Amino acid sequence: MRTRPASISGLAHHGYAELSLPRVAAEAGYTRGALYHQFAGKEEVAPAVVGWVRQTWWEEVG
């Protein structure tokens, strides 16, 4: 899913408070509607990103 790298980048560069889902959508090549179809808001994006990072870490390093 292309939104993961865009979401990770957004969180890393702007923090949770300034995470902009329209910016994430644009960076991932999605429309805002397509992103909001997957996530209701950044309250759902942030835990999904953290879970993906945790899973990837354990698969590749753990």
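Modeller: Let me begin with a term: a residue is called exposed when its relative accessible area is over 50%, and buried when that value is under 20%. Please bear in mind that this is a predicted model.

Colleague: Which residues of α4 are called exposed, and where do they lie?

Modeller: Glu-43, Arg-54, Trp-58 and Glu-59 are exposed, and they sit on the face of α4 turned away from its buried side.

Colleague: What makes you speak of one buried face in α4?

Modeller: The buried residues of α4 are Lys-42, Val-45, Ala-46, Val-49 and Thr-56. Viewed down the axis of α4, they fall within an arc of 105°, so they line one face of the helix. Their cover includes α1 (3-14) and α2 (21-28).

Colleague: How do you know that the length of α4 agrees with what a helix should span?

Modeller: Helix α4 has 19 residues (42-60), which at 1.5 Å a residue should span 27 Å, and its end C-alpha atoms are 26 Å apart, so the two values agree.

Colleague: Why are the buried residues of α1 placed on the same side?

Modeller: Thr-3, Ala-6, Ser-7 and Gly-10 are the buried residues of α1. They cover an arc of only 100° around the axis, and therefore they lie on the same side of α1. These buried residues pack against α2, α3 (32-38) and α4, whereas Ala-12 and His-13 are exposed on the other side of α1.

Colleague: Which residues form the nonpolar patch on the surface?

Modeller: Trp-57, Trp-58 and Val-61 form that patch, with about 390 Å² of accessible area together; Trp-57 belongs to helix α4.

Definitions and conventions:
Residues numbered from 1 in each chain as written. Predicted model: local features only at pLDDT ≥ 70, side-chain atom pairs only at ≥ 80, totals over all residues. Heavy atoms only, no water. Helix = DSSP H or I, 4+ residues; strand = E, 2+ residues; numbered from the N terminus. Expected span 1.5 Å × (residues − 1). Buried < 20%, exposed > 50% of the residue type's maximum accessible area, 1.4 Å probe, protein only. Arc of directions from axis to C-beta. Contact = heavy atoms within 4.5 Å. Patch = residues over 30% accessible without salt bridge, like charges linked within 9 Å, V, L, I, M, F, W, Y side chains within 5 Å. Areas by Shrake-Rupley, 256 points an atom, 1.4 Å probe, with all protein chains shown as cover. Salt bridge = Lys/Arg side-chain N within 4 Å of Asp/Glu carboxyl O.
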